[in-house]
Amino acid sequence: MKIAIIGYGKMGKMIEQIARGRGHEIVCIIDVDNPQDFDSPEFASADVAIEFTNPTAAYGNYLKAFAKGVKVVSGSTGWMKDHGDDVRRMCNDEGKTLFWASNFSVGVAIFSAVNRYLAKIMNGFPQYSVSMEETHHIHKLDAPSGTAITLAEEIVDNLDRKTGWVKGTLLSPDGTLTGSDKCDGDKIAINSVRRDEVPGIHTVTYDSEADCITITHDAHSRKGFALGAVLAAEYTATHSGLLTISDMFKF
Ligand SMILES: NC(=O)C1=CN([C@@H]2O[C@H](COP(=O)(O)OP(=O)(O)OC[C@H]3O[C@@H](n4cnc5c(N)ncnc54)[C@H](O)[C@@H]3O)[C@@H](O)[C@H]2O)C=CC1
Ligand SMILES: O=C(O)C1=N[C@H](C(=O)O)C[C@H](O)C1
């Protein structure tokens, strides 16, 4: 399959390696220095473009790829709040294809199933209060992480006493703690930590007077994210519309 890469940073480079290892051809690589390559015949020849850039660049890149008739797989986070409705309309009503996931690793897909099940159980146990923490490397531009937001939304969908999430505390690399983990009873606080080169840790905690139940996903490297993105590109080549992880991994 022919793949274009948009965003040749930490994820883009790992995706290139894994895609080549699975026998795919990388026909075009676009980063900030060569946006003109969106107009190249090589880019237009791609079956799928894999996009990992940043919260402000992602949406514009989707539009450029869509204009060339190229399907997109993207893991960029932090753009959904501003452009989610437009992207949904383009994919649901106007024939564009985007596979987006806040986290492409199979481990997080499994973790998310446990998260949803645990939230459902907790409807019968009001003595437990729920909170979340995500820890990432110091280069990360958005907080809370996309994965933490997805996990919080899953809890809201399954736990009747929660209606939304709020930003909690942010522990910055210099040790500064901002924000507050105090929030209304019907919201979930998501606390963020930025430390060293941590690839990504997500923890959901249910606390009561008697005990505490904690589930954690701890990525050892970015390999799981990158492999998931390539698997998603393989899936996207034969599917259309707005796609996500639950379309690909069914359990
Ligand atoms: N969904 C998932 O599984 C994962 C998502 N991410 C997300 O992916 C994004 C990228 O992560 P990393 O690769 O670690 O970041 P990075 O900072 O290492 O790489 C981003 C690259 O995008 C390039 N870029 C910026 N603006 C661009 C534009 N307009 N057009 C083309 N390229 C542009 C940068 O020059 C850089 O090379 C972030 O939003 C991150 O949160 C990261 C890991 C896993
Ligand atoms: O920026 C990152 O690195 C990551 N971003 C994604 C997120 O915001 O959840 C996924 C992963 O945790 C790594």
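Good morning. I begin with ligand 2, which is surrounded by T77, S102, N103, H136, K140, S145, G146, T147 and G200; a residue is counted here if its C-beta atom, placed from the backbone, lies within 6 Å of the molecule. By class, this shell has no nonpolar, 8 polar and 1 charged residues. For these classes, Ala, Val, Leu, Ile, Met, Phe, Trp, Tyr, Cys and Pro count as nonpolar, Asp, Glu, Lys and Arg as charged, and the others, Gly among them, as polar.

Please keep in mind that this is a predicted model, in which local features need pLDDT of at least 70 and side-chain atom pairs count only at pLDDT 80 or more, while totals for chains, interfaces and linings use all residues. Residues are numbered from 1 along each chain as its sequence is written, and chains are lettered from A and ligands numbered from 1 in the order in which they are written.

Where does the shell around ligand 2 draw its residues from? Domain 1 (2–104 + 223–248) and domain 2 (106–218) each supply at least three. These bounds come from an automatic or database domain assignment. The centres of the two domains, taken over C-alpha atoms, are separated by 27 Å. Between them, 9 residues of domain 1 are in contact with 11 residues of domain 2, contact being C-beta atoms, placed from the backbone, within 7 Å. On the domain 1 side, the touching residues comprise 2 nonpolar, 7 polar and no charged.

I turn to ligand 1. It is surrounded by 24 residues, of which G7, G9, M11, A57 and G75 are the closest. The shell consists of 10 nonpolar, 11 polar and 3 charged residues. Helix α1 (residues 10–21) gives the most to it, with 3 residues. Helices (H or I, at least four residues) and strands (E, at least two) are DSSP runs, numbered from the N terminus.

Next, the sheets. β12 pairs with β5 (residues 98–100) over 2 bridges, and F99 has L243 as its bridge partner.

Strand β9 (residues 187–194) runs parallel to β6 (residues 129–136), joined by 5 bridges, and β7 (residues 164–171) runs parallel to β9, joined by 6. What are the bridge partners of L170? In β9 the partner is S192, and in β8 it is T178. β7 and β8 run antiparallel, with 2 bridges.

How values were computed: Two residues are in contact if their C-beta atoms, placed from the backbone, lie within 7 Å. Two strands pair if DSSP finds at least two bridges between them.
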